[in-house]
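Keep the model open beside you as you go.

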Amino acid sequence: ASTGEEGDSNPTWLQNLTGDSVFMRLLAWSSFALVLHLVSDFYAVIAGTFIMSFVGNSVVHLSERTAAKVQAWGASKGYSFPCPTRRMLSVAYVLVLLSVLSIGSCITVPLVFDSWRYLKSVLLSDNPYVELANSIYLMLGPEATSRVESLLGTLFGEPSRQALNTLDRVSDAPALTWQLQQSLKGYVAASLPF
């Protein structure tokens with residue numbers, strides 16, 4: 001039997017297997033697929049890091065070329081400008097990126113919370129259709145609101161005076177309030193998680 005020791009002319013099955021280029025390629029691709037599967041939860045982070053690094057490398061390279069041109073121009077005019085190093089340019093890129101993301105988050109996140117609070121208050125009000133009709137009336141104006149009312153009137157019919165009197169709070173557009181209530185009644189109740 002072959003032991004696979006040095007000097008032995010008969011290789012073992014493992015040496016035969018690792019010597020096969022097709023098997024090694026298959027093993028490499030299988031290992032790569034396994035690693036991709038294991039890190040699938042981090043795809044967004046990996047992609048974001050790659051994109052920011054790629055853009056950062058391009059920005060730093062462009063900054064280096066621009067700095068070299070400024071130095072050459074300054075030398076032709078008799079001025080001497082300090083040469084920024086690649087590390088300094090990289091730190092500047094990271095600081096600009098972090099400040100843009102921080103400022104963007106500080107502006108965006110409060111707006112999202114305020115919008116959510118407003119939506120929640122509208123949905124939890126006595127009659128959210130009144131709030132919705134008022135918002136449409138304020139955004140579109142009386143002319144466009146009457147057009148929306150006539151469109152919804154063809155679909156759901158015109159509300160009777162008695163139907164309009166049953167509304168808890170009458171808005172600027174009572175017919176639109178009733179029509180929205182008729183058309184969205186089931187959808188709003190089904191969409192609320194609570």
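**Exercise 1.** Which side chains meet in a salt bridge of 3.0 Å, N to O?

*Solution.* This is a predicted model, where local features need pLDDT of at least 70, side-chain atom pairs count only at pLDDT 80 or more, and totals for chains, interfaces and linings use all residues. Residues are numbered from 1 along each chain as its sequence is written, and side-chain values use heavy atoms, with hydrogens and water left out.

Step 1: apply the criterion, a side-chain nitrogen of Lys or Arg within 4 Å of a carboxyl oxygen of Asp or Glu. Asp 114 and Arg 117 are the partners.

Step 2: An α-helix has 3.6 residues a turn, so residues three or four places apart point the same way.

Step 3: check exposure (buried is under 20% relative accessible area, exposed over 50%, partly exposed in between; 1.4 Å probe, protein chains only). Asp 114 is partly exposed because its relative accessibility is 41%, while Arg 117, at 55%, counts as exposed.

**Exercise 2.** Which residue forms a salt bridge with Glu 64?

*Solution.* Step 1: the partner is Arg 86, with the closest N and O atoms 3.1 Å apart.

Step 1: this pair links distant parts of the chain, with Arg 86 in helix α4 (residues 86–123) and Glu 64 in helix α3, 22 residues apart.

Step 2: Arg 86 is partly exposed at 37% relative accessibility, and Glu 64 is partly exposed at 28%.

How values were computed: Helices (H or I, at least four residues) and strands (E, at least two) are DSSP runs, numbered from the N terminus.
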